[in-house]
Amino acid sequence: MPDNALRTLSEHVLEHLRRTGWRLVTVESCTGGLIAAALSDIPGSSDVLEGGFVTYSNALKMSAVSVPEAILAQYGAVSTQTAEAMANGGLLNARDADVAISVTGIAGPGGGSTLKPVGTVCFGLVARTGSTTSVQCHFTGDRAAIRAQSVHHALQMVLNA
């Protein structure tokens, strides 16, 4: 996505968060902090962006955002169950946040399998109100393209919440 489009989407997300009175926390794996970076690039974002966790390894998913080892063992790091657990853990550990968006996936070029090919990305969106949404997507392209599509999808999920 062109930088201008990402900036515009990020501005819309921040406006949406201000209108709803929500503070957002991100919990990112394959995007490595790109969602939080896209939002924090906008001046004034600190009024609605609580911060973010980059939990690339399974060990950090468990220790930083309380993803149960049993979920990782049963479903794997790239699953809607793990994405939901990551978002729930983000809210648990960022007490001033009202909503959490998480992303975990396989950006490539390696790491894919028949069941979970490169481009498989899972998202979780959890609000303190109890609302939970998770989705699995399949993106195409190289690593940069898959990560960019993941950032766009995550921001769109927040905007639609």
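Thr26 touches Ile35, Ala36, Gly51, Gly52, Phe53 and Ile101, leaving aside residues up to four places away in sequence. Thr26 is part of strand S1, residues 24-28. The model is predicted.

Me: Why is Thr26 called buried?
Reply: Its relative accessible area is 0%. Buried means under 20%. So Thr26 counts as buried.

Me: What makes H1 roughly parallel to H6?
Reply: Look at the angle. Helix H1 (residues 3-20) and helix H6 (residues 143-160) pack at about 25°, with axes 9 Å apart. Angles under 35 degrees count as roughly parallel. That makes H1 roughly parallel to H6. The crossing of H1 past H6 is left-handed.

Me: Which residues of H1 and H6 meet?
Reply: From H1 come Leu6, Leu9, Ser10, His12, Val13, His16 and Leu17. From H6 come Val151, His152, Leu155, Gln156, Val158 and Leu159. The residues of this contact divide into eight nonpolar, five polar and no charged.

Me: How many aromatic pairs are there?
Reply: The count is one aromatic pair. The ring centres of Phe123 and Phe139 are 6.3 Å apart. The limit for a pair is within 6.5 Å, so these rings qualify.

Me: Why is the pair of Phe123 and Phe139 called edge-to-face?
Reply: Their planes are at 75°. Over 60 degrees counts as edge-to-face, so the name applies. Both Phe123 and Phe139 are buried.

Me: What parts does the pair tie together?
Reply: Phe123 lies in strand S4 (residues 120-127). Phe139 lies in the loop between strand S5 (132-138) and H6. So the pair ties together parts that are 16 residues apart in sequence.

Terms used: Residues are numbered from 1 along each chain as its sequence is written. This is a predicted model: local features need pLDDT of at least 70, side-chain atom pairs count only at pLDDT 80 or more; totals for chains, interfaces and linings use all residues. Side-chain values use heavy atoms; hydrogens and water are left out. Axes are lines fitted to C-alpha atoms, for helices over the stretch in contact, and angles run from 0 to 180 degrees between N-to-C directions. Helices (H or I, at least four residues) and strands (E, at least two) are DSSP runs, numbered from the N terminus. Angles under 35 degrees count as roughly parallel, over 145 as roughly antiparallel, 65 to 115 as roughly perpendicular and the rest as oblique. A crossing is left-handed if the near helix is turned anticlockwise from the far one by less than a right angle, and right-handed if clockwise. Contact means heavy atoms within 4.5 Å. Ala, Val, Leu, Ile, Met, Phe, Trp, Tyr, Cys and Pro count as nonpolar, Asp, Glu, Lys and Arg as charged, and the others, Gly among them, as polar. Rings of Phe, Tyr and Trp (its six-membered ring) pair if their centres lie within 6.5 Å; planes under 30 degrees apart count as stacked, over 60 as edge-to-face and the rest as tilted. Buried means under 20% relative accessible area, exposed over 50%, partly exposed in between (1.4 Å probe, protein chains only).
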